[in-house]
Amino acid sequence: MTPHRNPPVPPLIPLIVGMIAISFAPILVRLSDAEVSVQAMYRMLFTVLFMLPFGRKQLKSASSISGKDWALLALAGVFLALHFLLWMASLDYTSIASSTIILALEPVFVMVGAYFLFKDRIRKLALFGLFVALVGTCFVSSGDLVLSETAFTGDLLSFFGTLAVVFNMLIAKRILTRVPSFVYSIVVFGVSAVLFAIYNVALGISFTEYPPEEWLVFLLLAIVPTVFGHLIFNWLLQYLKTTTVSMSVLAEPVGASILGMFIFGEMITGFQLAGGALVIAGLLFYLRSEQRTEA
């Protein structure tokens, strides 16, 4: 299923903004001492509150959404909540580089899913670009491949979190042909927030007993990686192929590892620097190949 409309701005611009924004997600998660379910709940809740004043007209279209589409929206919210819960938890067990490298497998799974569900095709040159970028992400995480039980637990959490976001993106791709991206985002984020609230109540986790710096982190998680990251990517799914949008996640190990070096002292090796260059080169090569296909 290939989109037929052209975005109002060159797609590379919002993609770059989104890639930079999501790179801050693991840093902000690490800066918080709150449970990841609380971080994720307020991340979703604050994002919905930010969106509400800007979409009153678009929200009127929610009345025309079919029952089947409401079910798909709810399911997308479930998978998004699972993604945040599992992936954010992985950062307690393994390094930023290791967690984000596994998350970078997302476009591979999305490409396979989009091929079978939507008959999306991918040129050999674009596939080569994807391969180069994945090799680069392996280089990025090469300095942190430590075989330990704790790291393995974190790797598993990140892996299953990646599968969850893949299902979320594939559902989004199908439903965004009928539902505006704004409505999709606010409903899915709202469902995720409610699920996290139920989860926290069930486990007896406090909603309010946090110092001011924690609330600042919750707020930044909503503004930076969600509004300027996930919200932009949801919008781009109306215009670009699912695999193209998911490729943006390959930039996260690069940006997050650089930020982790300066903030947490997780030093970057020469292999990781070389991997960063490969990720960027592979991503640009892929996008150029896809543009030629559309042309």
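Q: What makes a run of residues a helix here?
A: A helix is a DSSP run of H or I that holds at least four residues, and helices are numbered from the N terminus. In this predicted model, α5, α9, α10, α11 (212-236) and α12 (242-246) each supply at least two residues of the lining of the largest cavity.

Q: What makes the space in the structure a cavity, and how many of 30 Å³ or more are found?
A: A cavity is a set of points where a 1.4 Å probe fits but cannot get out, and a search of the whole structure finds one of 30 Å³ or more. The largest cavity holds about 290 Å³ of space, and its lining of 25 residues includes His83, Glu106, Val165, His230 and Phe233, which lie nearest its centre. By class, this lining has 16 nonpolar, six polar and three charged residues.

Q: Why is the pairing of Arg178 with Asp69 called a salt bridge?
A: The closest N and O atoms of Arg178 and Asp69 are 2.7 Å apart, and the cut-off is 4 Å, so the pair qualifies.

Methods. Residues are numbered from 1 along each chain as its sequence is written. This is a predicted model: local features need pLDDT of at least 70, side-chain atom pairs count only at pLDDT 80 or more; totals for chains, interfaces and linings use all residues. Side-chain values use heavy atoms; hydrogens and water are left out. A salt bridge is a side-chain nitrogen of Lys or Arg within 4 Å of a carboxyl oxygen of Asp or Glu. On a 1 Å grid over the protein atoms alone, a cavity is a set of points where a 1.4 Å probe fits but cannot get out, and a pocket is an open set with protein on both sides within 12 Å along at least five of seven lines; lining residues have an atom within 4 Å of a point. Grid points are joined across faces, edges and corners, and a volume is the space filled by probe spheres set on the points. Ala, Val, Leu, Ile, Met, Phe, Trp, Tyr, Cys and Pro count as nonpolar, Asp, Glu, Lys and Arg as charged, and the others, Gly among them, as polar.
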